[in-house]
Amino acid sequence: MKQMTEAQLTELEQDLNAIRNDVLADLGERDARYIHRVVRLHRTLEVGGRVLMPFGFIPPVFVAATVALGLSKIIENMEIGHNVMHGQYDWMNDPSLHSQTYEWDTACSSESWRRTHNYEHHTYTNIIGKDRDYGYAVLRLSDDDPWRPRHSLQFINYVLLSTFFQWGVGLHELETERLHRREISLKSKLPFLKEFFRKGGRQAFKDYVFFPLLTFPVAPIVLAGNIGANLIRNLWSSTVIFCGHFTQDAETFTEEECWGDGKSESKGHWYLRQLSGSSNFTGSRWVHLLSGHLSFQVEHHVFPDLPAHRYPEISERVKAVCDKHGIHYNTGSFARQYGTVLKRIAAFSLPDRLRARLPASEVGQAT
Amino acid sequence: MLARQNHTSPLQWLGRQLFNRDDAVAFFDPLLERINPMWVQEYTPARVQRIIRDTADTQTFVLKPARRWQGFAAGQHVNICVEIDGVRHQRTFSLSSSTTLWHEQGLVTLTIKRLPGGRVTNWLQDQLNTGAVVGISEAFGDFLIPEPVPPILFIAGGSGITPILSQLKTMAAQGFRAPMTLLYFVQDHSHAIAREHLMDLAARHDLLTVKIVTTQGSSEPRYLTDADLSTITDLSSREIFLCGPQGLMALAGELLDARGVSRDKIHSTYFSAPQTDLSSQNLGGKVRFARSNLEVDSTGDAPLLEIAEAAGLTPQHGCRMGICHQCSCRKTSGTVVNRLTGQASGPGEDTIQLCISVPQGPVSLNI
């Protein structure tokens, strides 16, 4: 990470705060209209997908219904749920779009998500040992983590995690790695498990039992379409999320760097860490919408509670602040960024001795 | 506050499974609203049928609530919900129409005066047009005429006339059964709301006496005096109904007290919240944690999260720096100042972040 003096960090903080304050002062009608439009699009896709699905015995209808339902889940999870739970729309004072009451269409309960994601991940972003989103305790993605034989098969784990992503996210708070190391007891996780089975069960009931049974004669078609829609959502959301922090130039941090000498981290340093640890990818308006604007992961991490559709318009200013302070603004095409993620997963499945022999461009990690 | 109660619990259970929300029908609101805003389920909608100008700064809005609205008793108020610049605002207003108008035509009226600097009252007057739809809560309040109807003295000031208008119109429709006197204090005759209507009622009903007093007519302001009370026949047998500005209410209380009128004969209702002095950043105040049934005093710029923790509560929280919204909760009344922006909130119900909100005067929280 770039080394900056306290004075420079304070200046960085002020520069970013200025952008934030400008957006806050301008929040209003436009943002409300945007999120209402997205919610309407979601309802249209979900209702359309569910109504069409029983007619899936006609192949093109099956594809249309599955894609519509998949897109509806993607939009609901990424652009509505994730962003609403960050409090991006709390100012609207609309109980249907409120961070503390919103429940999203995925196995993970909103409450668990707000703890593991909003608090842990966004506060301790990319600090090895503190940010459990870094590799999800399944993947080894930096040499801060010593190599173990099980890591050699981690590419398979990655594919499995992506396929069943909603269940992986749902069980994230179980902290299996700490259970395994006997740092915590299973008993302490019982309330969480109860919540997981309640919410996860609800999701499975809806997609895999209720709607198929409701249309009994064509139950297998509806079941297959619903599985397909969930799969589309799982693969896309895990891909987008992996591009956020595991690209080649996204940096990792140590606790020592952030809280050395027992000091608490300054807001300026927190900003620096968010800028250095996150990565964007470019794309069309639709790519940004479907990624919940996590294609602007850098902007999202410095301003997690600003309405996400504002990220494209402030990205120029954020980039200018990065340039001014000599901080790398990590962006690239989707293919390039995702390519470096795959390389990183593959490279770190190798023991350090072998990995050292790879050319730097194949390692997927900044030197 | 406007949300409707749904008592069908098996359906409610199914709704939660399918749509991840307690008010499952409201899931379709974004689509229903496009077709007909009166079909919205999350709150009870009411359409503006007509707008009548009463005085230079007062208008009467004739509303037609959706059929499921449950009606009201004369003297009650409702919360009205409107969206202004993307933000939902709720304010309480007294209904000013007779219950007969509701029973016969399904209409109610709100008579609303501009408050200087008031965001909602000014918006209603300038922006709300015929045909628009607003949210309306069920009626509440206990400013009610007892049965059998006793002789009554009404003392009203300014727009405090509204609940009394409803009561007089309702009684007029059913025929007066006891002597009624109204003492109505207004700045000057141009500020008297429904003046002609009141005079007309008094002319048609012998039991009703209306006296409109202008306070700003001469060089000395003319307020309520003991002489006004001495003109009321058998004051001791009357119930007293008071509604007006705080000054008038306090004065009436004192004068009635001096005449030995017992407190339990005096019914009163406020029509505006006490104003907070925003110019002095006098921070701190009494904080009430409603759900914990706890009240503590705070001084200086301690944020509510610290105040709650010092009081032994453990509200949900995360970053303690205004980022993660883990600590967002409902404020039911009172003003708080945002530590980051220095901005003061409104006095009404609102969502706030505990970790960056500093009380300014008494505050009540739903934790």
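In this predicted model, A:Thr125 touches A:Glu120, A:Asp131, A:His245, A:Phe253, A:Arg273, A:Gln274 and A:His301, leaving aside residues up to four places away in sequence. A:Thr125 sits in the loop that runs between helix H4 (110–123) and helix H5 (154–163) of chain A. Its relative accessibility is 0%, and A:Thr125 therefore counts as buried, the cut-off being under 20%. A polar atom of the A:Thr125 side chain lies 3.3 Å from the backbone oxygen of A:His122.

A search of the whole structure finds two cavities of 30 Å³ or more. The table sets out volume and lining classes.

| Cavity | Volume | Lining by class |
|---|---|---|
| Largest | about 80 Å³ | eight nonpolar, one polar and three charged residues |

The lining of the largest cavity includes residues of chain A and of chain B. From chain A come A:Arg20, A:Lys267, A:Trp270, A:Tyr271, A:Val302, A:Phe303, A:Pro304 and A:Asp305, while B:Met321, B:Gly322, B:Ile323 and B:Leu340 come from chain B. Helix H11 (residues 267–277) of chain A gives the largest share of this lining, three residues.

The second largest cavity is lined by residues of chain B, namely B:Phe61, B:Leu63, B:Ile80, B:Leu110, B:Ile112, B:Leu124, B:Leu128 and B:Val134. At least two residues of this lining are supplied by each of strand S2 (58–65) and strand S5 (108–113) of chain B.

Key
Residues numbered from 1 in each chain as written. Chains lettered and ligands numbered in written order. Predicted model: local features only at pLDDT ≥ 70, side-chain atom pairs only at ≥ 80, totals over all residues. Heavy atoms only, no water. 1 Å grid on protein atoms, 1.4 Å probe; cavity = no way out; pocket = protein on both sides within 12 Å on 5 of 7 lines; lining within 4 Å. Points joined across faces, edges and corners; volume = space filled by probe spheres on them. Helix = DSSP H or I, 4+ residues; strand = E, 2+ residues; numbered from the N terminus. Nonpolar A, V, L, I, M, F, W, Y, C, P; charged D, E, K, R; others polar. Buried < 20%, exposed > 50% of the residue type's maximum accessible area, 1.4 Å probe, protein only. Polar contact = N/O pair within 3.5 Å; in protein donor to acceptor, adjacent residues only side chain to side chain. Contact = heavy atoms within 4.5 Å.
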